[in-house]
Amino acid sequence: MLELQHIKKSYDGVTILQNIDLEIQDGEIVSILGPSGCGKTTLLNLILGITDVDEGHIFFDEEDITAVPMEKRGFNIVFQDYALFPNLNVYQNITYGLRNKPDISTKEEVDELIRLLGLEEHLKKKIEQLSGGQKQRVALARTMVMKPKILLLDEPLSALDGVIKESIKEKIKQIARDYHLTTIIVTHDPEEALTLSDKVLIINEGKISQFGTPEEIIAKPKNKFVKDFILNQLEIKRNNIFTLFQNDIRRNLQVVNV
Amino acid sequence: MKRKEREIKIIYVYVLLVFAGFLAIPIIQLLLQSFRGDGAVGLSNYVEIISERGFLQALGNSVVVSLSAAVIATVLAFFLAYTIHYTNVNKKFKKLIRLLAVLPMLLPTITYGFAIIYSFGKQGLLTRLFGRQLFEIYGFWGLLFGYVIYTLPISFLLIFNTMGFIDKKFMVVSRVMGDKPFATFMQTVIRPLLGTLAASMVQCFFLSFTDYGIPASVGGKYEVVATVLYNEMLGSVPDFGRGAVVAMMMLIPSIISITLLHYLEKYNVRYNKISDVEIKKNYARDGVCSVVSVLILAVMLSIFAVIFVVPLVEEWPYRTNFTMEHVEAVLEDGSLFGVYKNSLFVAVCTSLLGLVTTYGAALATARSQLGQKWKGVIESIALITNTIPGMVIGIAFMLVFSGTSLQNTFLLIIVCNVVHFFSTPYLMMKNTLSKLNLSWETTAALMGDSWAKTIFRIVTPNMIPTILEVFSYYFVNAMVTVSAVIFIAGARTMVITTKIKELQYYTKFNEVFVLSLLILVTNLIVKGVLGFVINRKSKKAKKEKK
C-alpha cells in the first residue's frame with residue numbers, strides 16, 4: 001500500500017502541491033487527472049523520488065520512504081517520450097536492466113513479457129524503426145523486466161492515435177491484473193482516466209479535488225471544477241458521438257422502411 | 001531525492017581549475033604587468049603608449065583595414081551563400097562552392113601572406129600572367145587581401161547557415177501579395193539576414209584585428225596593432241610592460257565585438273518551420289550569380305595555386321620545370337619533418353584534451369542539476385575564451401610560465417590551444433547534449449546504472465557525430481594557429497606555423513610552402529575522413545527515421 005501524508009511541494013516560493021493525503025491499495029490502477037500546470041507531474045516525481053518533498057511523508061508498505069533515494073525505492077517509470085536508448089536495439093533496450101541486475105528476471109520471464117506485449121518480431125529492430133505504439137510497448141517491457149513495486153506511467157497514451165490507444169490501454173490493464181501491480185498513471189484526458197483506472201485522483205491548483213472510482217465521479221461530482229472540467233468535457237464528447245451515430249441509425253431505419 | 005552527482009562535481013572542479021590556472025591567472029598577471037613600469041606601479045605605460053604617434057597610427061591602420069576586410073568579406077560571402085540557397089544553378093556547382101569557400105580555413109594565415117607575395121609580388125605568378133604588378137602587396141592592399149581570404153570562410157558559414165533556417169515559403173507569400181522582386185528580396189532575404197550580416201562583419205573585424213599571421217608576412221611598413229604587439233614582446237628591444245599595455249588595448253575591440261555579437265542575436269529572425277519551395281526560374285539571376293561566384297573562387301584559388309606551384313618547380317621564377325626535390329628535401333630534413341611530427345602530436349593531443357574538457361563542461365551545464373549560478377560560470381568561461389585573442393593568451397602564458405617547469409613544453413601549447421578554442425566546440429557539445437532525451441539518466445538509474453555507466457553506455461554512443469566534429473575542429477585549429485603559440489613554442493617544441501615564421505627570416509620559401517602543403521594535406525585527410533564518417537552516421541539516422 002502506498003500512502004501519502006500531508007505532502008507539500010513548492011518551487012521558488014510558488015506552491016505546486018499542498019495537503020495531499022492519499023492511499024493507494026496494492027494492485028490498483030490509479031489515474032492522476034488534471035489540467036496542465038495542476039501539479040500532477042510533480043506528484044508523480046515525488047512518488048518516484050526524482051524530487052524531494054518539502055513537507056509530509058510517503059509510506060510504502062508501512063515503511064517511511066520519504067528519504068529513500070529514487071534507485072532504492074524500487075518503483076519504475078515509463079516517460080511520456082519513452083526515453084528509449086537509440087544506440088541499442090529493441091532487445092538490448094528491454095534487457096538493459098539485466099546488465100546491472102542479472103538475476104532480477106529470468107529468461108522465461110523476459111520472453112513472457114515480450115510475448116505478452118507482442119514484440120517478438122521487432123526484437124532486432126532499431127528504435128527509430130518503431131511506431132509510437134511499438135515504442136510504448138518496448139518501454140513498458142523494459143520497465144517490467146525490473147519488476148517494479150509500483151509502475152508509474154507519464155501520459156502513456158497522449159502520443160498515440162485512436163486504435164493504438166485502445167490496444168495499449170488493454171495491455172496496461174492486463175499487466176496490472178496479471179502481475180497484481182500497483183499502477184499510477186498521469187493524464188490530462190478524462191476519458192482516458194475514467195475508462196482505464198480503478199480509481200481517479202482529480203487535482204486542481206495543487207489540491208485534491210476528488211478521489212474516487214469512475215462511477216462515483218460520474219454520479220457524485222464533488223465540486224464545480226469536477227462538474228465543469230471533467231464531466232462537461234465527457235458530455236460534449238458523448239453528444240458528438242451520439243449525433244454521429246444517430247445519423248447512422250436513422251439511415252439504417254430508412255433502409256429498413258424502404 | 002536528488003541524485004548526488006559526485007562525478008559531475010569532480011568534472012566541474014576540473015574544468016574550473018583548468019580555466020583558473022590557464023586563463024584567469026595569466027590574464028590577471030598580464031593586467032598587473034601593464035601597470036608595472038620603471039620600478040613604479042601606475043598608468044605610466046598606458047600614458048606612454050597612448051601618447052605615441054606610432055601606436056595610434058597602428059591602431060587607426062588596424063581599424064581601417066579590418067573594417068574594410070569585414071565589409072568586403074561579408075558581401076562576397078553573401079554572394080556565395082545566395083548562389084547556393086536562392087538560385088537554380090547546377091547542384092554539383094553548388095557543392096563545389098561550399099567546398100572551396102571554406103578551403104582557406106585549412107591553412108595557417110601566415111601562409112596566405114606568402115601566397116599573396118608569390119602571386120601578386122614583383123616575380124609573382126599572377127604578375128607574370130598579367131604582365132604587370134596589379135597592386136602594391138606590402139601594406140594596406142596586401143593586408144586587406146589576406147584578411148578577406150582569411151575571414152571569407154567564416155562569414156560564408158555564418159550566412160550559409162542562417163539562410164538555411166529562413167522559411168522560403170515567405171517568398172511565395174510576398175509574391176502573391178503583389179510585391180515587386182526587389183521588395184521581395186529585401187523582405188524575405190535581406191531582412192531575416194540583417195542580424196547575421198552584422199554579426200558576420202563584427203566577427204570578421206575581430207578576426208582581422210587580432211590576427212598576426214597576415215601582417216607578419218605582408219604587413220611591410222604598414223604597422224598594425226598585432227605587429228606592434230609582437231615587436232614589443234619579441235622584437236629587438238622587448239618591453240613586457242609596454243607589450244602588456246598593447247595586449248590590453250587589443251582586448252578592448254575584442255570585448256566590444258563580442259558584446260555587439262550578443263546584442264545582435266536579438267535581431268535574428270526565428271521561423272517556426274523551415275519549408276523549401278521551388279525557386280523561381282530566372283536565368284539572368286542564375287547567370288550573374290554563377291559568374292560572380294566563379295570569379296570570387298577563381299581569385300582565391302589562383303592565390304593558393306602558388307602553394308602548389310612554387311615548391312614543385314626547380315627554382316621559382318627562373319627555372320620552372322617540375323621537380324619533387326624540395327618536397328623530398330623537407331621530408332628528409334630531420335629538423336623540418338620533426339616539426340611536422342610535433343604539429344601532429346600537438347594537434348592530436350589538443351583534440352583529445354579539448355574533447356574531454358568541452359564534453360565535461362557541457363555535461364555539467366546541459367545534463368546536471370547544478371545550480372544556475374554554477375552553470376553560469378562555465379557559460380562565462382565560454383564567452384571569455386571567445387573574446388580573448390590568441391596573441392593575448394600567448395603573451396599572458398609567456399609572462400606567467402616563463403621560468404616554470406611548464407616553459408617550452410608541449411603540454412603548455414596543448415593547454416593553450418584547448419583554452420583558446422574552447423568556445424565553439426563547447427557550444428556544439430552543449431547543443432547536442434541538451435537535445436538528447438533528458439529522461440535517459442533517470443531511466444537508466446532506475447535500471448541500476450551509475451551515472452558514469454549511463455554516460456558511457458547511452459549518452460556517448462549517441463554523441464559520436466558531435467564528438468568527431470569537435471575533434472576535427474580542435475585538430476584543424478591546432479594545426480593552423482600561429483598567434484598564441486608563437487609566444488610559447490620553444491626550440492624543441494617548434495610546430496609548423498612557428499617554424500614558418502622562422503624560415504621567413506632565412507627567406508626559405510620553398511620550405512615554407514612545402515610545410516604549408518603538409519598542413520593542408522593533413523587537414524584535408526582528417527576533415528575528409530571524419531566528415532565521411534559523420535555524414536554516414538547522420539544519413540543512416542535520417543534514413544531510419546523515415
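Which strands of chain A does helix α1 (residues 40–48) lie across? The legends below begin with that view.

**Figure 1. Helix α1 of chain A on its strands.** Helix α1(A) lies across β1, β2 and β4 of chain A. The helix runs at about 60 degrees to β2(A). Axes are lines fitted to C-alpha atoms, for helices over the stretch in contact, and angles run from 0 to 180 degrees between N-to-C directions. Helices (H or I, at least four residues) and strands (E, at least two) are DSSP runs, numbered from the N terminus. This is a predicted model: local features need pLDDT of at least 70, side-chain atom pairs count only at pLDDT 80 or more, and totals for chains, interfaces and linings use all residues. Residues are numbered from 1 along each chain as its sequence is written, and chains are lettered from A and ligands numbered from 1 in the order in which they are written.

**Figure 2. The open sheet of chain A.** Four strands stand in the order β2-β1-β4-β5, with antiparallel pairing. Strands pair if DSSP finds at least two bridges between them. β2 (14–24) and β5 (63–64) of chain A are at the edges; each has a single partner strand, so one side of each is left without a neighbour in the sheet. Five bridges join β1 (residues 2–11) to β4 (residues 55–60) of chain A. L2(A) has F60(A) of β4(A) as its bridge partner.

**Figure 3. Where chains A and B touch.** Chain B gives 18 residues to the contact and chain A gives 24 residues. Two residues are in contact if their C-beta atoms, placed from the backbone, lie within 7 Å. On the side of chain B, α20 (440–446) and α25 (509–545) each give two or more residues. The largest share, five residues, comes from α20(B). This side of chain B divides into eight nonpolar, six polar and four charged residues. Ala, Val, Leu, Ile, Met, Phe, Trp, Tyr, Cys and Pro count as nonpolar, Asp, Glu, Lys and Arg as charged, and the others, Gly among them, as polar.

**Figure 4. Helix α12 of chain B and its cover.** Helix α12(B) (residues 240–264) has 25 residues. Its buried residues include F240(B), R242(B), M249(B), P253(B) and S257(B). Buried means that 20 or more other C-beta atoms lie within 10 Å of the residue's own, with C-beta atoms placed from the backbone. Among the elements that cover these residues are α1 (6–35), α9 (181–210) and α17 (390–401) of chain B. Across chain B, buried residues make up 45% of the 546 residues.

Methods
The expected span of a helix is 1.5 Å times one less than its number of residues. A residue is buried if 20 or more other C-beta atoms lie within 10 Å of its own, exposed if 12 or fewer, and partly exposed in between; C-beta atoms are placed from the backbone.
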